[in-house]
Amino acid sequence: MDKWLSEWQTEVALASCEQCDWLYLLPPTRLPERCPHCGAAAVAQLDETTNQPVYTHPPELVLPFQVDARQAQQKVLAFAKGAWFAPSDLKGEKLHGRLQPLYLPLWLVDADVQAGWQAEMGFDYQVLSHREEFQNNRWHTREVKETRIRWEPRVGTLQRHYENRVAPALEEQAAIEKAVGRFDLRGARPYQPDTFAHAFARLPNRPPDDAWSDAQIAFMQAAGEECRQAATADHMRQYQWQPHFANTHWTQLLYPIYTTYYTDDDGKTHTLTIHGQTGRLAGRRQASMKKARRWSLVIGAVAAAFFIVSFILLLAGLVYEVALVMAGLLFVGAVVTAVTAFIPIVAAWYLNHYSQ
Ligand SMILES: [Zn+2]
């Protein structure tokens with residue numbers, strides 16, 4: 001039986017979420033109540049000898065947290081404060097209590113590349129033309145400068161060594177980057193076992209074999225950009241190459257995020273993610289339709305009361321003329337209040353369907 005956890009040089013346990021299948025390494029005494037990724041289920045400890053993940057080795061590099069626990073707390077407090085008709089679970093102190101620092105894996109790939117390539121290079125050039133315009137009862141000629149692109153086919157070869165091209169180690173990498181943004185990979189430090197002093201780590205679900213296709217795209221983009229620069233072109237299209245790779249080297253880097261979660265009225269869990277370097281928070285503010293409906297009902301009841309009083313005043317108006325004016329004013333007030341009563345449910349519905 002393989003005791004692969006010992007490679008991490010510190011006491012950590014393997015744990016997984018039965019809902020989203022995320023695999024974590026964490027201090028065995030600190031099993032979280034809920035999964036930091038989906039927040040929907042508990043995290044259960046697994047036996048390392050019978051459960052061997054697709055990639056088990058510790059990382060070479062770790063990007064330290066630049067956003068500390070206090071700053072992360074302020075972010076979630078502000079998030080909860082700005083929520084309209086917030087579900088009862090969307091409270092600042094609850095989000096704060098569930099904040100979990102987490103390291104996620106990423107690949108940095110080095111390789112020697114030899115390739116032949118073809119592309120169409122685009123060069124900007126200016127064209128002068130004239131436009132005739134009729135203004136103030138006479139024709140005017142206006143000079144118009146227009147930028148066009150001249151496309152030329154180019155071929156070439158390249159022989160290069162590329163370092164630290166990024167490839168995803170998680171299937172969810174693109175979604176995470178889209179939510180919180182990219183990470184500045186400068187400032188990474190060698191892995192130390194004390195990485196687990198405050199945080200958990202996620203194991204890769206895309207080992208190098210699987211991420212190789214993405215790494216090749218990263219190499220091609222780097223090579224294409226260099227070919228464009230070599231041709232002093234302003235644009236490039238239809239880049240194709242026939243690469244041969246040698247001496248590929250994979251480095252696993254861990255980057256820092258915080259997660260927390262809340263549950264909406266329907267019992268659905270929503271996770272918030274905070275970028276560990278920039279502090280950018282990503283997550284949905286789900287509104288409580290129940291709460292919005294209650295507000296709508298209260299305002300609707302006020303409108304109904306206005307209608308009733310204005311009707312009574314209308315009857316009184318048969319005797320006292322002044323009551324007619326008051327009845328009219330109150331009727332207008334009742335109509336405005338009745339329209340206002342729809343705002344909470346419409347606003348909450350809009351938030352849940354269209355806001356990010
Ligand atoms: Zn989960």
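**Domains and a helix pair**

Modeller: This is a predicted model. Between domain 1 and domain 2, about 720 Å² is buried, and carbon and sulfur atoms give 56% of that area.

Colleague: Which residues of domain 1 lose the most area to domain 2?

Modeller: Phe-85, Asp-265 and Arg-284. Together they make up 62% of what the domain 1 side buries.

Colleague: Where do the domain bounds fall?

Modeller: The domain assignment puts domain 1 at 4–115 + 153–286. Domain 2 covers 290–354.

Colleague: Switching topic. What angle do α6 and α7 pack at?

Modeller: About 20°, with the axes 5 Å apart. Helix α6 spans residues 321–340 and helix α7 spans 342–354.

Colleague: Parallel or antiparallel, roughly?

Modeller: Angles under 35 degrees count as roughly parallel, so α6 and α7 are roughly parallel to each other.

Colleague: Which residues meet there?

Modeller: On the α6 side, Ala-338, Val-339 and Thr-340. They meet Phe-342, Ile-343 and Pro-344 in α7.

Colleague: How does that contact divide into nonpolar, polar and charged?

Modeller: 5 nonpolar, 1 polar and no charged residues.

Terms used. Residues are numbered from 1 along each chain as its sequence is written. This is a predicted model: local features need pLDDT of at least 70, side-chain atom pairs count only at pLDDT 80 or more; totals for chains, interfaces and linings use all residues. Side-chain values use heavy atoms; hydrogens and water are left out. Axes are lines fitted to C-alpha atoms, for helices over the stretch in contact, and angles run from 0 to 180 degrees between N-to-C directions. Helices (H or I, at least four residues) and strands (E, at least two) are DSSP runs, numbered from the N terminus. Angles under 35 degrees count as roughly parallel, over 145 as roughly antiparallel, 65 to 115 as roughly perpendicular and the rest as oblique. Contact means heavy atoms within 4.5 Å. Ala, Val, Leu, Ile, Met, Phe, Trp, Tyr, Cys and Pro count as nonpolar, Asp, Glu, Lys and Arg as charged, and the others, Gly among them, as polar. Domain bounds come from an automatic or database domain assignment. Buried area is the accessible area (1.4 Å probe) that two parts lose on being put together, summed over both.
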